[in-house]
Amino acid sequence: IAALKLDKINNPKEAQILISNLTGFDGKIREAVAMKINYLLNSSIELVDYFIYPEIFAQASIDINANICRLVLDSVSILIQKK
């Protein structure tokens, strides 16, 4: 619920906390976090520098949940385009 209510990321530490929930948690949490990361990256170009955790994105891109994979790959493509 906290991830869904998140409106903005203020610093790289907050981004790290959000991204760390992409792996090792329940599928609903991973999907909500993937959706929020994708939304945040689409809404603000300034956040691109905060999401610099390629190993977590790589692990999340092979998730068993196809929605998570799609959202993570879309987020990575946003990072690549905006970086």
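Colleague: Which residues are buried in helix 3?
Modeller: In helix 3 the buried ones are Gly27, Arg30, Ala32, Val33, Ala34, Lys36, Ile37, Asn38, Leu40 and Leu41. Buried means under 20% relative accessible area, exposed over 50%, and partly exposed in between, with a 1.4 Å probe and protein chains only. This is a predicted model, where local features need pLDDT of at least 70 and side-chain atom pairs count only at pLDDT 80 or more, while totals for chains, interfaces and linings use all residues. Residues are numbered from 1 along each chain as its sequence is written, and side-chain values use heavy atoms, with hydrogens and water left out.

Colleague: What do the buried residues of helix 3 pack against?
Modeller: They pack against helix 1 (2-5), helix 2 (12-19), helix 4 and helix 5. A contact here means heavy atoms within 4.5 Å. Helices are DSSP runs of H or I with at least four residues, strands are E runs of at least two, and both are numbered from the N terminus.

Colleague: How many helices and strands does the chain have?
Modeller: The protein chain has 5 helices and 0 strands. From the N terminus, the order of elements is α-α-α-α-α.

Colleague: Back to Arg30. How buried is Arg30?
Modeller: Its relative accessible area is 12%, so Arg30 counts as buried.

Colleague: What does Arg30 touch?
Modeller: Leaving out residues up to four places away in sequence, Arg30 touches Asn21, Leu22, Thr23, Gly24, Phe25, Asp63, Ile64 and Ile68. A polar atom of the Arg30 side chain is 2.4 Å from the backbone oxygen of Phe25.

Colleague: And what joins the side chains of Asp63 and Arg30?
Modeller: A salt bridge, at 2.7 Å from N to O. Asp63 sits in the loop between helix 4 (54-60) and helix 5 (66-82) and Arg30 in helix 3 (residues 27-43), so the pair ties together parts that are 33 residues apart in sequence. The term salt bridge requires a side-chain nitrogen of Lys or Arg within 4 Å of a carboxyl oxygen of Asp or Glu. Side chains of opposite charge can pair when their charged atoms come close.

Colleague: How many salt bridges does that rule give?
Modeller: The count is 1 salt bridge.

Colleague: Are Asp63 and Arg30 buried or exposed?
Modeller: Both Asp63 and Arg30 are buried.

Colleague: New topic, helix 5. Which residues are buried there?
Modeller: Ile68, Cys69, Leu71, Val72, Ser75, Ile78 and Leu79 are buried in helix 5. The buried residues of helix 5 pack against helix 3 and helix 4.

Colleague: What span should helix 5 have?
Modeller: At 1.5 Å a residue, its 17 residues should span 24 Å, and the end C-alpha atoms are 24 Å apart, which agrees. The expected span is 1.5 Å times one less than the number of residues.

Colleague: What caps the N-terminal end of helix 5?
Modeller: Asn65 does, with a side-chain oxygen 2.8 Å from the backbone nitrogen of Asn67. At the start of helix 3, a side-chain oxygen of Asp26 comes within 3.2 Å of the backbone nitrogen of Lys28.

Colleague: Now the whole chain. What share of its residues is buried?
Modeller: Of the 83 residues in the protein chain, 41% count as buried. Along the principal axes, the C-alpha atoms fill a box of roughly 30 × 25 × 20 Å.

Colleague: And what share of the contacts with a separation of 6 or more comes from residues 24 or more positions apart?
Modeller: Such residues account for 63% of those contacts in the protein chain.

Terms used:
A polar contact is a pair of N or O atoms within 3.5 Å; within protein, one must be able to donate a hydrogen and the other to accept it, and residues adjacent in sequence count only if both atoms are side-chain atoms.
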